[in-house]
2 protein chains.
Amino acid sequence: MAQKPSIPKGTRDFSPIEVAKRNFIIDTIKKQFQLFGFQPIETPSFENSDTLMGKYGEEGDRLIFKILNSGDYLRKVDDALYASKNSTKMTSKISEKALRYDLTVPFARYVVQHQNEIDFPFKRYQIQPVWRADRPQKGRFREFYQCDADVVGSKSLWQEVDFIHLYDKVFTKLNLSGVTIKMNNRKILSGIAEVIGAKDKLIDFTVALDKLDKIGEEGVKKEMLEKGISESAIEKVKPLFGFTGTTQEKLDELKSLLTSSEEGLQGVEELQFIINAIENIPLQTANLDLDVTLARGLNYYTGAIFEVAAPDTVKMGSIGGGGRYDDLTGIFGLKDVSGVGISFGLDRIYLVLEELNLFPDTVAPVTKALFINFGDAEALYCLKTINLFRSEGILTELYPDNAKMKKQMSYANKKGIPFVILAGTTEMNNETFTVKDMQSGMQKEMNFEELKAVLQ
Amino acid sequence: MAQKPSIPKGTRDFSPIEVAKRNFIIDTIKKQFQLFGFQPIETPSFENSDTLMGKYGEEGDRLIFKILNSGDYLRKVDDALYASKNSTKMTSKISEKALRYDLTVPFARYVVQHQNEIDFPFKRYQIQPVWRADRPQKGRFREFYQCDADVVGSKSLWQEVDFIHLYDKVFTKLNLSGVTIKMNNRKILSGIAEVIGAKDKLIDFTVALDKLDKIGEEGVKKEMLEKGISESAIEKVKPLFGFTGTTQEKLDELKSLLTSSEEGLQGVEELQFIINAIENIPLQTANLDLDVTLARGLNYYTGAIFEVAAPDTVKMGSIGGGGRYDDLTGIFGLKDVSGVGISFGLDRIYLVLEELNLFPDTVAPVTKALFINFGDAEALYCLKTINLFRSEGILTELYPDNAKMKKQMSYANKKGIPFVILAGTTEMNNETFTVKDMQSGMQKEMNFEELKAVLQ
């Protein structure tokens, strides 16, 4: 009985043109990763469950895809537990492996496991799929690629500078001018919380501030008051609500705002260092902006925080992000390894390039000519030539069957092949080819060298 | 509590050099796939279970990795089934998705699902990981890549010819001369069975004949007799036991052996066609051999059967294989779509290239120069230059920290970086760089253009 074929929700088939476009993005990113000195690693698609569980919070644990043990997996479950019919408790008994949820935790595991083979600072990149049992929606999938670059083993701010240049280079090479690299620093957020006398309100404060462009100054103030942040505290950080001007002006404002917070001032100093470097080595097409409302992964980052926004002309969430984390590998027992990294959002970058029509026409290799199949002798004559073209890197094809002319021409048409080559007895005797330009309809008989020149 | 990190058995971490070597193989294969007109597709890592189950036999079903349903997956299991505590029956209730076991079944599913978007003949390639819950052993992993190219929708033997040339081109480009492409045809095996009057003994006969080089002529005869193949039948196919000579001589022998089998003669004719074509368009470095003992996937292939053996100097199983199958998509309801395809064994090819020391030295991008970090002003001076080099595609790096000279030099040494660049106040004033050749130890002061010439 034939099944009606389908794929699981939240997953995707990629057609040839989609693969080509995705690879255009991936190859561009990969090339710049390499030019910036990052080296590739790959880790297994599934990890031992205890490597992943407990690393992403309760919600994360729930979204991790678990793999059922092989064989008679129920045999190992003791009767009391089995009788409870409790899915959560059962899981750890019948599943020991899980699909990777991101590339960061497997990277941390890799660094600890291979620490004796690694020369630090270790600059690695990793481009692999990850899986999340999230509710699928527009732009959110259950299988998607992450493209990460991280350095571990150095606290140098030159890394942050490099990552900004890396973002700029990649988006420039992707023809995507005008992205904004938003930058903040965890220490500045902590400093602000300190200044307003509410270190414990850091997250409430940040969450509220983050809504500034949506709910406006009054809305933000209201939310802060509701969260127990005092009127006088809010008054102190009033400048943040109208935070405009050049990056340097913003930085000066922050400096005066944070005079009483050592940590805050350190954050200002770090940002100043990075901004100075970028002023000396300017970006090609990206803008660098200081955004004090930026707080992604607050629990995670300890220094710089980055996020990349698509050009204003496109409505799209962030297309990249990252930051510095001071203790990535601690969860696996290797302390004091500082790291900083960034990530590219492949799926969203794809949508942006598509919307702005920025994929090059040459993104997929195009068959330059289809040789018509008039029968075995003619086909052999053609295939000899095709083989020579292949050695020269010129993509040509023989229609496999001696089918009706109309069918063969229609195949060339549908695939957008610009030239069709006809070689019958006359051409074979003359050692020539009749070349038909599919656009103009013009035909011409020519020899191999002439044909080669046309196809190149 | 720190966990001792490890990965599941049968899986692998790939270090930078291993990724680079694997990508060298994959990129070489991919490039030839494209030059031969194949287009890439990608399918999800997991499929609906009913897409995969029942397609690989009972053993295959057992080896498929199943993914546990999300949420309270036990709730849906009815009490009677639950009480049985039967793992096999439980699986389909608590797992609806499974990791892909090969690329062929997902490809068949893809063709059927997208048949209205596809122009036939459809030439696709696919290079993605697959997963099998097999017992891990040397060279056998639970996660490994398959590299497949297939054409569906044409019965033309020119495809078979193309695949032989494709194998030859890829192995030539991989610097691996002297592989043997072994070829057979299912119709010849059927023909032999017909001739010996034992169509039902086809598999027994083939399995025995396959052991010829291990157990010799007498051993094979003994096994055939034991399987109920008659003495006179064996006598008829005696020529197969001493089957030597050129491909053409073997073919002639087969032709006279199979005169009474229409199907067998058709197989001979197909092989003759392919051999003629290859004689007219010779292979570059591979050998083509007719091997009547070749029967891989007998239940599956209906015409040509291919297998590639590494050069004799290396002990290794097959490094590639494939063949023609007349009804790939029938399982999903699309009848009469003939296909033919080949596969490259990435892991084994890797081992062969490693053993024969055939990986190019340039397989991984190498950092050409490390700029020593003498402090922020010097680092900025260096990074300006590094940024220019990056735009030219020259890989150079700044040591991120202003660490002791010895530590920075040792980093360059360990990573095999050939040049170290020293730029202090003098060089900054002169707009020069002191370049140290790490091999000879020689130093020279030079300007940007001179440095660029050295690094290029």
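Me: Helices (H or I, at least four residues) and strands (E, at least two) are DSSP runs, counted from the N terminus. Going by that, where is Gly375(A) found?

Reply: In the loop between β12 and α15 of chain A. Before going on: this is a predicted model, where local features need pLDDT of at least 70 and side-chain atom pairs count only at pLDDT 80 or more, while totals for chains, interfaces and linings use all residues. Residues are numbered from 1 along each chain as its sequence is written, chains are lettered from A and ligands numbered from 1 in the order written, and side-chain values use heavy atoms, with hydrogens and water left out.

Me: What makes Gly375(A) count as buried?

Reply: Buried means under 20% relative accessible area, exposed means over 50%, and partly exposed is in between (1.4 Å probe, protein chains only). Gly375(A) comes in at 8%, so it counts as buried.

Me: And why is Asn357(A) called exposed?

Reply: Its relative accessible area is 67%, so it passes the exposed cut-off. Asn357(A) sits in the loop between α14 (346–355) and β12 (369–371) of chain A, and its phi is near 60°, a positive value in a residue other than glycine.

Me: Which peptide bonds are cis, then?

Reply: Phe120(A) to Pro121(A) is one, with omega near -5°, and Phe120(B) to Pro121(B) is another, with omega near -5°. Pro121(A) belongs to the loop between α6 (104–113) and β5 (122–131) of chain A.

Me: How do you know how many residues of chains A and B are in contact?

Reply: Contact means heavy atoms within 4.5 Å. On that test, 108 residues of chain A touch 108 residues of chain B.

Me: What area is buried between the two chains?

Reply: About 9300 Å², with carbon and sulfur atoms giving 57%. Buried area here is the accessible area (1.4 Å probe) that two parts lose on being put together, summed over both. Lys85(A), Trp158(A) and Arg390(A) supply 8% of what chain A buries against chain B, more than any other three residues.

Me: What makes Arg109(A) and Asp13(B) a salt bridge?

Reply: The term needs a side-chain nitrogen of Lys or Arg within 4 Å of a carboxyl oxygen of Asp or Glu. Arg109(A) and Asp13(B) meet at 2.6 Å, N to O, so the pair qualifies. Between chain A and chain B the count is eight salt bridges. On the side of chain A that touches chain B, helix α15 (residues 376–391) gives the most, with eight residues.
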